[in-house]
Amino acid sequence: MKIVIIGNGMVSYKFCEKIIAKLPARAAEIVVFGEEPRPAYDRVHLSEFFAGKTADDLLMAPADWYVANDITLHLGDPVQQIDRNTKTVHSYKGITEAYDYLVIATGSSAFVPPIPGVDKKGVFIYRTIEDLELMRDYAPKVKRGVVIGGGLLGLEAAKALLDLGISDTHVIEFAPRLMPRQIDESGSRILEQQLKQLGLQIHTNKNTSEVTGGDTMTGLQFADESILEADMLVISAGIKPRDELAKLSGLETGHRGGIVVNEKLQTTDPEIFAIGECALYNGMIYGLVAPGYEMAEVVASHIASEAQEKAFTGFDMSTKLKLIGIDVASFGDPFAPAETSRSIVFEDTMKGVYKRISITNDGKHLLGGILIGDADAYNMLLQTAKNKVILPPNPEDVLLGSRGGSQDAGPGVLGLPDDAIICSCESVSKGSICAAVEAGNETLDAVKKCTKAGTCCGGCTPMVKDLITGTMKAQGKYIRNVICEHFSYSRQELYDLIRIKNVRSFDDALDHYGHGDGCEICKPVIASIMASLWNDMILDKGNDVVQDSNDRFLANIQKGGTYSVVPRIPGGEITPARLLVIAQVALKYNLYTKITGGQRIDLFGAHLDDLPNIWEELIDAGFESGHAYGKALRTVKSCVGSTWCRFGLHDSVSFAIQIEERYRGLRAPHKIKSAVSGCIRECAEAQSKDFGIIATEKGWNLYVGGNGGSKPQHAILLAADLDSETCIRYIDRFLMFYIKTADPLTRTATWLNKLDGGITYLRNVVVNDSLGIAAELETEMQSLVDKYKCEWKEVVESPELRKRFSHFVNAPGTKDPTVKFDTLREQKKAAEWK
Amino acid sequence: MSAIISTSTNTTTNIAWFFACNVIDVPPNGGVCVKYDDVQIALFRFARRDAWYATQNMCPHRQQMALSRGMTGTHNGEPKVACPFHKKTFSLEDGRCLSDDQECSLTTYPVRVENEKVYIGIMQEA
């Protein structure tokens with residue numbers, strides 16, 4: 001059997017891949033003619049060529065791949081004639097090949113509107129790597145670039161111009177809005193607004209009448225008489241199927257282009273097939289790569305005479321893409337008419353998010369929708385629409401998620417039928433994932449290995465995870481977030497066990513509830529739970545060795561193995577006399593000093609052996625531990641407040657000191673930071689803290705769940721206009737509830753994000769006492785507050801404990817001789833490590 | 001110079017045992033650093049199973065003298081230590097890195113306990 005393929009684009013390549021997989025080795029001779037000088041490349045990601053990818057990076061497969069699979073590839077050699085009588089093709093370079101089956105995959109070319117002047121220098125099309133190379137060479141002298149076409153390809157081309165360094169880039173669209181075929185008017189508006197923020201100039205409703213200039217273009221003239229000066233133009237106004245060879249060979253083509261094919265992708269000559277963007281099926285050209293691949297599958301299956309005959313019956317044109325960093329997706333029927341459907345719209349012009357779904361009039365089924373700015377829910381929504389999954393009683397939940405009410409946000413991924421495709425890259429269905437889980441693949445890695453789901457783009461990973469837990473639950477397996485191999489309990493379960501059974505040491509916990517020797521995961525978790533519950537001295541009862549290293553030495557280990565020391569400076573207020581003590585200690589022990597972000601002073605470069613001596617001097621001067629080493633309350637930052645500030649409403653410093661002293665030393669699942677601002681100007685940045693307090697005319701506003709760091713998050717208002725006493729009671733309840741229920745190493749922000757019911761639920765617990773535990777939480781907190789002692793004071797006063805701060809067990813007082821420092825700006829710094 | 005208290009012979013090497021410290025000096029289920037001339041050795045005491053291990057004190061990842069301050073534990077029954085700097089874990093049985101295939105292994109030393117005194121063995125060239 002001999003198969004000749006005309007064209008070597010993505011779909012042609014995919015056809016080769018599929019046919020060699022379906023046929024026995026050497027069962028067919030395969031010959032491919034390509035017009036372009038290089039093998040098939042990824043045209044979908046063409047714009048990445050300007051973002052740094054090379055032409056080779058974009059190749060679907062290198063030329064060797066064709067050789068290795070016995071495929072003859074003629075590049076730069078388009079077929080010019082098909083002789084259907086003799087079943088031969090003749091190429092530009094004079095090669096003649098006979099065929100049994102002929103597959104036309106000539107794709108499309110850019111549609112260039114008949115505008116006078118499009119032949120001028122400076123006018124480009126955006127289709128091939130050669131086009132891109134020409135654009136790249138021309139771009140350096142360009143001041144303003146214009147793209148005609150506000151569709152998918154046009155916006156891609158605009159991104160390419162931005163990537164080429166042309167910051168003044170304009171997009172011209174004939175229609176009244178961007179991407180008119182995929183998204184609705186409101187969606188276009190949001191997209192336009194977002195693109196404008198990125199520096200693109202958008203002109204809709206513009207009919208270009210002429211490209212102006214001499215040999216070289218100088219601008220565009222529009223039908224409304226307006227003019228736009230520009231020195232480069234990219235035309236990206238649509239595609240035109242490459243059907244000229246088919247036409248020449250007497251095959252039927254559509255009057256607006258495209259080679260007419262049936263459901264087997266046969267042209268009017270049953271031995272000639274057409275696939276990809278050159279094929280016209282049922283009056284439609286499919287201008288996306290996924291349907292092209294599906295066509296390749298159908299033809300390959302037909303030629304390989306597979307038992308189960310496949311047919312192409314149209315293709316879902318749902319699509320999700322990132323346009324210049326902005327998610328754009330449409331699925332199902334995004335334009336369902338108003339008579340037969342209702343729509344739910346969510347629009348956030350602040351964040352540039354627009355979501356619209358159309359549902360049936362009875363509210364039962366999802367018909368389609370549009371997502372701009374945030375398309376995370378795309379796959380789930382697409383499957384919900386495709387599989388006619390019954391919607392939850394409040395259909396808006398599928399768009400907005402459950403928002404803390406009593407209703408669940410629908411059955412989610414578990415409600416999908418077995419044939420729903422979860423991983424669209426690898427075509428893995430829900431059924432095969434669940435089957436893999438049932439067969440014992442109970443971790444994400446195992447399922448990935450077994451089914452290939454989630455191994456490509458990873459977008460389906462959350463759904464796969466839900467399926468794993470869902471399937472296991474359905475099998476009656478109790479899914480718990482156990483902490484490690486030594487304890488088959490979650491943190492919350494351990495917390496309860498330790499509290500109820502009055503467990504006071506790690507060894508006790510291990511004896512009763514664990515096995516083995518423990519590890520670096522369970523040890524600090526249990527140490528932290530015990531500290532949160534009992535507030536015993538953390539180095540007692542053999543618990544020193546189960547503390548995280550910093551807690552064990554009550555200091556923060558730094559590069560080179562020395563430690564940093566942070567005395568508590570409540571509210572950031574310090575007397576000059578105490579400042580002097582810090583300076584004297586730093587000078588005496590040769591420490592590097594730096595002001596921290598939490599309004600304290602960090603002293604770096606202390607030898608382990610020096611720590612007790614340093615603390616002895618600090619404690620003598622009235623300082624105490626700052627717990628910078630612990631998963632504990634760190635600082636309560638403050639602005640200067642009403643004692644000095646002309647805007648201050650209340651005394652924020654005094655309140656900050658009161659709060660810091662109340663919660664100092666409090667051990668929690670993770671560190672806790674706080675701040676108090678004396679007025680709405682918020683100079684203490686309280687809204688970036690685990691709990692933050694801002695003065696109002698009437699009292700204090702209490703915010704919770706804020707975070708700085710790598711994932712900054714604003715704290716959410718928990719309660720407003722509180723008096724100081726109520727504010728502290730609410731903080732007691734909030735902190736105790738967090739300590740009791742959070743997973744290890746989870747900050748309040750993440751904890752709150754994951755909390756079922758979110759802030760509404762938390763507010764009910766803390767403010768409305770919906771669980772009836774408020775008094776208990778307050779009592780527990782008060783007992784911790786009452787039991788507070790400065791850990792460093794206890795160490796300094798205990799010769800036994802002091803002995804543990806020694807580098808060598810057999811040479812006490814000898815410092816680690818390998819510690820080295822360099823000098824920087826008149827202070828020392830740790831020697832760089834390798 | 002530490003005292004070498006005994007030597008034992010096996011097929012190719014002699015082990016010179018030196019006195020490191022008293023049992024009571026090492027926190028149960030923790031580690032200490034022992035000085036042997038210019039060598040720093042991390043000594044670990046697994047009190048729950050009455051086992052002792054010794055390795056180099058330097059974590060090979062960033063060449064930090066820190067392993068003796070690391071947290072001990074087991075992984076599927078194999079004793080290990082986690083470096084306090086970046087939590088790389090090493091087997092205390094053979095010194096190999098458990099968290100990263102590429103990382104260098106630790107040198108390990110035999111440990112002997114007699115009369116509440118701990119001795120660490122140093123291989124001598126035959």
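1. Let's start with burial in chain A: of its 834 residues, 45% count as buried. Buried here means that 20 or more other C-beta atoms lie within 10 Å of the residue's own; with 12 or fewer a residue is exposed, in between it is partly exposed, and the C-beta atoms are placed from the backbone. Keep in mind that this is a predicted model, where local features need pLDDT of at least 70, side-chain atom pairs count only at pLDDT 80 or more, and totals for chains, interfaces and linings use all residues. For finding your way around, residues are numbered from 1 along each chain as its sequence is written, while chains are lettered from A and ligands numbered from 1 in the order in which they are written.

2. Chain A has 26 helices and 39 strands. These are DSSP runs numbered from the N terminus, with helices being H or I of at least four residues and strands being E of at least two. Of the contacts in chain A with a separation of 6 or more, 62% are between residues 24 or more positions apart. A contact is a pair of residues whose C-beta atoms, placed from the backbone, lie within 7 Å.

3. Have a look at helix 14 of chain A, residues 491-500: Arg491(A), Leu494(A), Tyr495(A) and Ile498(A) are buried there. They sit on the same side of helix 14 of chain A because they cover an arc of only 105 degrees around the axis. That arc is taken over the directions from the helix axis to the C-beta atoms. After helix 14 of chain A comes Asn502(A), with a positive phi near 55 degrees.

4. Helix 19 of chain A (residues 611-620) is worth a look too. Its buried residues are Leu611(A), Pro612(A), Ile614(A), Trp615(A) and Leu618(A). Their arc around the axis is only 155 degrees, which puts them on the same side of helix 19 of chain A. What do the buried residues of helix 19 of chain A pack against? Their partners in chain A are helix 17 (549-553), strand 30 (563-565), helix 18 (576-588), strand 32 (601-606), helix 25 (791-796) and helix 26 (799-802). Just after helix 19 of chain A, Gly622(A) has a positive phi of about 100 degrees.

5. Now for where the chains meet: 22 residues of chain A are in contact with 31 residues of chain B. The chain A side of this has 7 nonpolar, 9 polar and 6 charged residues. In this count, Ala, Val, Leu, Ile, Met, Phe, Trp, Tyr, Cys and Pro are nonpolar, Asp, Glu, Lys and Arg are charged, and the others, Gly among them, are polar. The model scores ipTM 0.89 and pTM 0.55.

6. Chain B comes to 0 helices and 13 strands. Of its 126 residues, 42% count as buried. Residues 24 or more positions apart make up 44% of the contacts in chain B with a separation of 6 or more.

7. A word on confidence in chain B: the average pLDDT is 87, and 87% of the residues score at least 70. pLDDT is the predictor's confidence in each residue, from 0 to 100. Over residues 1-11 of chain B the pLDDT is below 50, and this stretch has 18 contacts in the model beyond near neighbours in sequence.

8. Is strand 5 of chain B mostly buried or exposed? It is largely enclosed by the rest of the structure, because 5 of its 6 residues are buried. Strand 4 (residues 39-46) of chain B pairs with strand 5 of chain B in the antiparallel sense over 6 bridges; pairing takes at least two DSSP bridges between the strands. One bridge partner is Tyr53(B) for Phe44(B). The two strands form a hairpin with 4 residues between them, and Asp50(B) in the turn has a positive phi of about 50 degrees. Strand 5 of chain B is also joined by 2 bridges to strand 11 (residues 108-109) of chain B, running antiparallel, with Tyr109(B) as the bridge partner of Ala54(B).

9. Finally, an open sheet in chain B: 3 strands in the order 8-9-10, with antiparallel pairing. Strand 8 (71-75) and strand 10 (89-91) of chain B are the edge strands, each pairing on one side only. Strand 8 of chain B is joined to strand 9 (residues 78-82) of chain B by 5 bridges, and the bridge partner of His75(B) is Glu78(B).

Technical notes. Two residues are in contact if their C-beta atoms, placed from the backbone, lie within 7 Å.
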